[in-house]
Amino acid sequence: MKKLGIGVFLSVFIGVVVLPFGWVLWSSLKTGEKILGAPWELPSDPQWQNFANAWQKAGIGTSFINSLLVTLASLIILVPISAMAAYVFAKYPFKGSKLIQSVFMGQMMVPHFLVIVPLFFLLRDFHMLDSLWGLTVVYVAYSLSFTIFVLGGFFHALPNELMEAALLDGCTHSSTFWKVMLPLAKPGLLVVAIFVGIGLWNEYSLALVIVPSPEKKTLPLGIANLTMTQQYQSDWGALFAGLVIVMAPVLIVYWLFRDKIHEAMLAGAVKG
Amino acid sequence: MGRRLFVTLFLLPASLLYSVFVIVPFVQAVQFSGYRWRGLSMKKKFVGFENYDKLLHDSVFWQSLCHNLLILTVCGALIVFSSVAVAHAMRPGGTVAKVLKSVYLFPQVVSLVAVAVLWQFVLNPQGLLNSLLKGAGIANPPSWLGDSRFALAAVALVFAWYVMGFYTMLFAAGIQSVPAETFEAAELDGSAGLNRFWRVTWPLLWPIKRVAVVYLVVNVTNIFALVALMTRGGPDRASEVMLTYLYEQAFTNSQFGYATAIGMANLVVIMLMALGIMMYFRKDPTGAAR
């Protein structure tokens, strides 16, 4: 009896989590009028053209590619330079390295919004405003703290003996890193890349300030924009298809790596 | 290559990016908050503490700070209470608990923009919720986000939906880490059910509670996208929070100096609360060293 009660209690929570997603999915196949007119009705005549409309007419396709480019470019720059820094902090401590490390960690305390005004003018002076490169560089800079912090843990856990053996074998400091230590840290790199990548794919506030032009919008900006423009055409079908397009990739990646992501989140939260 | 050169070269790229795009803007933020400045570089005027003085007398700022605090206390308590309850119910395991575990982070991993748009449609006057209420015989359900009595609460509940999974995961991990012998010993002492929970489990969750509260403070003071997209702080500032007000001052009114002062105030609020939490949780009530 008690077991049944617990089952029902937990099932209610499953419903609360899953139902809204299901509703988006089935609404994305309905006509615009039916989404608000008959919100509980299942789609009888699936409107697949909602996806085509969202992708082409509403510009979600361009936003999708922008988001993909920015996210991948950020990770390609971020992961190696964070790994290099984390490795030095973990394996080559020097006088003052603790201090430098804590300066690096400081960003996690400071909300992005505090620096948004100076950052806006800094990028304007560098002619990096309204450019996907500008956004990428900012994303890398603001992901360094977390990435270095998590990778530091992974490098700490690698035994020093391996590094010393490689050095004795005649490897230089840097080839020891690239050929021996970095490959060993691969599982860590993967988890951090997935975790940070999901965050960047979803990022809204920095992008809102940094890339105002429509053709440079990332996916979250594109969706937000669509809610405003579609008000006049009330093509809610395209909007809901857009929602599916922004959510599906992260949900799939999350599903594939969910155990690793749980671990990374817990490690980051409890140790931090 | 010498050790010193190696260390320098390996730290260089990260340090360079971090200094230029994180440290410099931060220092400038402190500086900017002392200026009256509308974005035209010629017209920057140093006014000392004028922006802070204005802030102290700005009723909209206080109102938005109060909204942040209200979400933190009322909604925060709700989040902690329900995530502990769910985590506790998940402890024995079973299929349902497993399913919940694999989906509870769904809201947290999708874009906040999607979350905001989705709930906007659920809470729309003709949306999912109201069509349900009308079906249940309520003739005139409120227009939630458009109603100043409900807007803040509605946004806060969506926020709770968004973050619940993370806190459930934290507490579930905490409860799992309590050794089974402790539960068995408690059982032998005749303590069971809710009684056992309050006397044994809850105090042992001390380190997790500390983490959870710090995260809540940071998450709640950083609320922006959800409010900006769902209500834009309205109607009539009923759901205004600190960061939506900052955004309005900076990018709508071009009051860049003043906006930065709001940002500094936001940081001070976070720091003060974090300090308070550290003081409160300084001593482990269970006496266990950590």
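Among the elements of chain A, mean pLDDT is lowest for helix 2 (residues 32-37), at 72, and highest for helix 4 (residues 60-91), at 93. The model is predicted. Across chain A the pLDDT averages 85. A score of at least 70 is reached by 96% of the residues of chain A.

Helix 7 (residues 132-157) of chain A meets helix 10 (residues 186-202) of chain A, with the two axes coming within 10 Å. The axes cross at roughly 150°. Helix 7 of chain A is therefore roughly antiparallel to helix 10 of chain A, since angles over 145 degrees count as such. The crossing of helix 7 of chain A and helix 10 of chain A is right-handed. From helix 7 of chain A, the contact draws on A:Y139, A:S143, A:F146, A:T147, A:V150, A:L151 and A:F154. Helix 10 of chain A contributes A:G188, A:V192, A:V196 and A:L200. By class, the residues of this contact between helix 7 and helix 10 of chain A comprise 8 nonpolar, 3 polar and no charged.

In chain B, B:W119 lies in helix 6 (residues 112-123). B:W119 has 26 other C-beta atoms within 10 Å and is therefore buried; the cut-off is 20 or more. With neighbours within four places in sequence left aside, B:W119 is in contact with B:V158 and B:M230. B:N140 is 21 residues from B:W119 in sequence. In space, B:W119 and B:N140 are 20 Å apart, C-alpha to C-alpha.

Definitions and conventions
Residues numbered from 1 in each chain as written. Chains lettered and ligands numbered in written order. Predicted model: local features only at pLDDT ≥ 70, side-chain atom pairs only at ≥ 80, totals over all residues. Axes fitted to C-alpha atoms, helices over the stretch in contact; angles between N-to-C directions. Helix = DSSP H or I, 4+ residues; strand = E, 2+ residues; numbered from the N terminus. Parallel < 35°, antiparallel > 145°, perpendicular 65-115°, else oblique. Left-handed = near helix turned anticlockwise from the far one by under 90°. Contact = placed C-beta atoms within 7 Å. Nonpolar A, V, L, I, M, F, W, Y, C, P; charged D, E, K, R; others polar. Buried ≥ 20, exposed ≤ 12 C-beta atoms within 10 Å, placed from the backbone. pLDDT = per-residue confidence, 0-100.
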